[in-house]
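Open the model in your viewer and get your selection tool ready. We'll hop from one spot to the next, and at each stop you'll hear what to select and what is there.

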Amino acid sequence: MNYARDTVDSADPGRVALVELGRDGTRAEWTFGRVASLSAGLAGTLGELGVGRGERVLTLIGNRPQWVVSMIACWRIGAVAVPCNEQLRAADLRLRLGLARPSVILADERNAVELEAAQPDCPVLWCGDPGLYESPPAAAVELAADDPCVIVFTSGSTGEPKAVVHGQRYLAGQELQARAWLGARPGELVWCTAATGWSKSARNAFVAPWLCGARAVVHDGRFDPAERVELAAREAVNVLCMAPTEYRLIAARTTIPRLPDLRGMVAAGEALNPEVLRAWEDATGRSIRDGYGQTETGQLTAMPADQPVRPGSMGRALPGIRLWIDDGELVVDPLTVPTFFLHYLGEPPPDGPWRTGDRVTQDADGYLHFEGRSDDLIISAGYRIGPFEVESALVGHPAVAEAAVVASPDSERGSVVRAVVVLRDGYRGSAGLAEDLQRHCRAVTAPYKYPRIVDFVDSLPTTPSGKIRRAELRRG
């Protein structure tokens, strides 16, 4: 198998693959022929630099066609793509560089400052350089299902982010959720708004839509509720895939238009409250279909595209996937999941049933309902945030002696990051210091991780062995 050959090269070269919406208001259409040609030329350039099968290529490019071309170029020659989010700061990038050890970095020049501060020890190629795409085209190589294709970083609850390694089967396996959940049809326009570097983007920004014969939107811009729905209406989007928080904020801050071309909406990452579901259905006449998956597993459950929505439910298992609930925790049979990961980088493959760490209930009709994490991972606005990452940023501030980070309920984001801080001698808690800590976190780690709530305490509750009692902090 080879996704570049089987899906891109084999498509009608004149058919539109991508609709590019620039942050400066520009618009362009990219055909499959153009994507195929540019990715083959970029693959040739990578090959000239010694990048081949199994070598890793880190990308730091926003939602632009150049990012898509970079991913396809990697898969064409069997290289492993390592997509990263542009919001990452130098410390975040340094950690990812140390784990993934890429042979080459493909980046947008607007990320030069943070990237240079991360001090990579490999060549950096800027995606805006036309010469990158002009090398003799590289041929697509034959790949096995278990050959690695992409590394996506996920946040752990008790340590640094882990690097999730997916095989080539991950790409072909997206057809299951693409047809059963995303529900795109040939010729339709799909917009998955997830930023590059996130699991949903890796599978639904273009991989799954193209498997269905659909076109994909790539919008290089910040989230703005009014602009989001205006663009969806202007471009006649047929299938919309957004984070639950985006649906919530749009419903709260702007008027949802009729969107007559919209045929389907999907969400995953956290439950949507009934008021938001009702607002979108009243405005568009369509229901938002929820689903569930993990970075490690890919999509596992969904509200089927051809059945009525069960509000508050993440649906049922996708066809052929076997899962069950054990002592309140969702457990999966990996052998039934076509998009299940190979292993964490540097670790052996997982063995036996996969315990998701998520608390789930099942109603009498077999529909699943998400209750929360078994561990301390924070899910905020669809982002999965490990407490350790934020705590590490906080204790780097001269005023902080200790810090613990937990989730705090929020009506719009589901949860927000709450920091409980013990100060060093000579410092006193104040609104001004709280704002300074927030600025510090935004400067040293990705902005979405910063604590929106900062509380000051004399000491943190701990177990006899010295572990922080996070449950007690959450109750407080």
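Select Leu368 to begin: this residue is buried, with a relative accessible area of 2% (buried means under 20% relative accessible area, exposed over 50%, partly exposed in between, using a 1.4 Å probe and protein chains only). Leu368 sits in strand β20, residues 368–373. Strands here are DSSP runs of E with at least two residues, helices are runs of H or I with at least four, and both are numbered from the N terminus. Before you click on, note that this is a predicted model, where local features need pLDDT of at least 70 and side-chain atom pairs count only at pLDDT 80 or more, while totals for chains, interfaces and linings use all residues. Residues are numbered from 1 along each chain as its sequence is written, and side-chain values use heavy atoms, leaving out hydrogens and water.

Now show what surrounds Leu368. Not counting residues up to four places away in sequence, Leu368 touches Thr301, Ser313, Met314, Gly315, Leu323, Ile325, Val360, Thr361 and Gln362; contact means heavy atoms within 4.5 Å.

Is Phe370 buried or partly exposed? At 26% relative accessibility, Phe370 counts as partly exposed. Leaving out residues up to four places away in sequence, Phe370 touches Tyr292, Met314, Asp358, Arg359, Val360 and Ile379.

Next, select helix α12, residues 274–284, and colour its buried residues: Val276, Leu277, Trp280, Ala283 and Thr284. They cover an arc of only 140° around the axis, which puts them on the same side of α12. The arc is that of the directions from the helix axis to the C-beta atoms. An α-helix has 3.6 residues a turn, so residues three or four places apart point the same way. What do the buried residues of α12 pack against? Show α10 (225–234), α11 (244–253), β12 (264–268) and β13 (288–294) to see their partners. Gly285 follows α12, and its phi is positive, near 80°.

Keep α10 and α11 on screen. Their axes come within 9 Å and cross at roughly 100°, where axes are lines fitted to C-alpha atoms, for helices over the stretch in contact, and angles run from 0 to 180 degrees between N-to-C directions. The two helices, α10 and α11, are therefore roughly perpendicular to each other (65 to 115 degrees; under 35 counts as roughly parallel, over 145 as roughly antiparallel and the rest as oblique). Pro225, Arg228 and Val229 of α10 make the contact with Glu246, Leu249, Ile250 and Arg253 of α11.

Two loops come next. In the loop between α10 and β11 (239–241), find Ala236. Ala236 has a positive phi of about 55° although it is not a glycine. Leu259, in the loop between α11 and β12, also has a positive phi, near 50°. Leu259 is buried, with a relative accessible area of 6%, whereas Ala236 is partly exposed at 26%.

Jump to helix α7, residues 174–182, and select its buried residues Gln174, Gln177, Ala178, Trp181 and Leu182. Seen down the axis of α7, they fall within an arc of 110°, so they line one face of the helix. Just after α7, Gly183 takes a positive phi of about 70°.

For the last stop, look inside. The largest nonpolar core has 47 residues, and those with the most contacts inside it are Tyr3, Leu18, Ile72, Trp75, Phe206 and Trp210. Such a core is a set of buried Ala, Val, Leu, Ile, Met, Phe, Trp, Tyr and Cys residues joined through side-chain atoms within 4.5 Å. Helix α3, residues 65–77, gives this core its largest share, nine residues. Click Trp75: leaving aside neighbours within four places in sequence, Trp75 is in contact with Asn2, Tyr3, Ala81, Leu143, Cys149, Leu171, Phe206 and Val207. Apart from this core lies another, of 42 residues, among them Val82, Ala100, Phe153 and Leu437.
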